[in-house]
Amino acid sequence: MAIPDYPSRHSLIPSFIYSSSLKPLRTAILDQNLMPSMDNPSRHSDSHPTPPSTAEMRPNFMIPAPAEKRIAMFSPAYYATCTAGGIFSCGLTHMAVTPLDLVKCNMQINPTKYKNITSGFGVLFKEQGIKGFFRGWVPTLLGYSAQGACKFGFYEFFKKYYSDLAGPENAAKYKTLIFLAGSASAEVIADVALCPFEAIKVRVQTQPGFARGLADGLPKFVKAEGAAGLYKGIVPLWGRQIPYTMMKFSTFENIVEAIYKYAIPAPKDQCSKNLQLGVSFAGGYIAGVFCAIVSHPADNLVSFLNNSKGATIGDAVSKIGLRGLFTRGLPLRIVMIGTLTGAQWGIYDAFKVFVGL
C-alpha cells in the first residue's frame with residue numbers, strides 16, 4: 001500500500017530560540033576594530049575605533065537550529081523505529097492491565113471461586129492484598145515487549161513486502177487482504193518470542209505459592225516440565241494471537257480510514273496531532289472489541305494448558321465445554337482488550353509522531 005510522502009515536519013524544538021545568522025560577540029568586536037569604514041576609507045589603525053554598541057555587546061544565547069533529518073520510509077531506521085514503538089505500546093500497556101489480566105485468568109481457571117469481575121477482585125484482594133494485583137508483572141512486561149517489537153516491526157515489513165509483490169494497482173484494490181497477510185505473518189514470529197513468558201506468567205498468576213515472578217518461576221517451570229514445556233502452549237497461542245492481530249490491524253486501518261473519510265472534514269495531514277491521536281485511540285478501541293471476541297476461545301485454551309501440567313487441548317475442551325470456551329471471562333476481556341488496543345495504537349502513533357514519522 002503506497003504511503004504518501006508528506007513535506008518535512010517542523011522541528012519539535014520551538015523556532016523562537018533559533019537564529020539563522022548569528023555573529024558571536026568576539027567576531028562583532030573584531031569587525032568593528034579591524035574593518036575600515038565604507039564611508040571613510042581614510043580611517044587607519046592609528047585612529048580611535050568606534051566602540052561596539054550595547055546591543056552588539058549583549059551576549060547572544062541563541063543556538064543554531066539543528067538540521068532536521070527525516071527517517072526514510074521503509075529504511076532500516078524506519079523498521080527499527082516501528083520496532084521500538086511496538087515495545088513501548090505493547091509492553092507498557094499489558095503491564096498496566098496486569099490486575100485485569102490476573103482476575104481474567106483466574107476466572108477462566110477457577111470459575112467457582114472467581115465467579116465474576118467484582119467478586120474476582122474481592123477474592124484476590126482478601127487473599128493477597130494490593131501486591132497480589134500485580135503478580136506476574138515482570139514476565140508480562142518482558143514477554144509483551146518482545147511480542148510488540150516483532151508484531152509492529154514485522155507487520156510494517158510484511159505489509160511493504162506483500163504490497164510490492166501485488167503491485168500498486170492490486171495493493172490498493174486488495175489492501176485489506178494485505179493487512180491480514182502482513183499481520184498474520186508478523187504474529188507467527190511475535191508469538192515465538194512471547195510464548196515462554198506467557199507460560200510463566202499464567203503459572204505464577206493462577207497458582208499462588210508456585211513462584212514470586214520470572215526469576216524463580218522460570219527455573220521451577222523448566223525443572224518440572226523441561227525447556228520444551230515453555231512452548232507447550234504455542235499452538236493455542238497462535239490460535240489466539242493470529243486472529244487477534246489480523247483483526248487488530250485490518251480493522252484498525254479500515255476504521256481510521258473511514259473516520260477520516262466520513263466523520264472528519266479535513267484530510268489526516270491537515271488535522272492536529274491531538275486529533276490524529278484521538279482517532280487512533282478510538283479506532284484501536286473499536287478494533288480491540290472485535291479482537292477480544294474472535295480470539296477468546298483460544299485464550300481460554302492457553303490459560304488452561306499453561307496452568308495444568310500435561311494437559312491437552314482435548315482435556316481443556318472436555319472440562320471447559322464449547323460454550324465455556326466462547327463465554328467464560330469474555331466481558332472482562334472485552335473491557336481489557338478494548339482499552340489495551342486503543343492505548344497501544346495511541347502510544348504507537350504518538351511515538352512515531354515524536355520521532356518525526
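N106 is part of helix α4, which spans residues 98–109. The model is predicted. N106 is buried, because its relative accessibility is 5% and the cut-off for buried is under 20%. Across the whole structure, a search finds 20 aromatic pairs. Among them is the stacked pair of F158 and Y162.

**Around N106**
- Leaving out residues up to four places away in sequence, N106 touches P111, Y114, Q205 and T206.

**F158 and Y162**
- The ring centres of F158 and Y162 are 5.8 Å apart, with 20 degrees between the planes.
- F158 and Y162 are 4 residues apart in helix α6 (residues 137–173), so about one helical turn separates them.
- F158 is buried, at a relative accessible area of 14%.
- Y162 is partly exposed, at 23% relative accessibility.

**F281 and Y285**
- F281 and Y285 form a tilted aromatic pair, 6.2 Å centre to centre and 45 degrees between the planes.
- Both residues lie in helix α10 (residues 273–307), 4 residues apart, or about one turn of the helix.
- F281 counts as partly exposed, with 37% relative accessibility.
- Y285 is also partly exposed; its relative accessible area is 31%.

**Ring cluster**
- Ring pairs join F74, Y78, Y79, F154, F157, F158, Y161 and Y162 into a cluster.

**Charges over rings**
- K160 lies over the face of F74, 5.3 Å from the ring centre.
- R203 places its charged end over the ring of F210, at 5.6 Å from the centre.

Definitions and conventions:
Residues numbered from 1 in each chain as written. Predicted model: local features only at pLDDT ≥ 70, side-chain atom pairs only at ≥ 80, totals over all residues. Heavy atoms only, no water. Helix = DSSP H or I, 4+ residues; strand = E, 2+ residues; numbered from the N terminus. Buried < 20%, exposed > 50% of the residue type's maximum accessible area, 1.4 Å probe, protein only. Contact = heavy atoms within 4.5 Å. Phe/Tyr/Trp six-rings, centres within 6.5 Å; stacked < 30°, edge-to-face > 60°. Lys NZ or Arg CZ within 6 Å of the ring centre and 35° of its normal.
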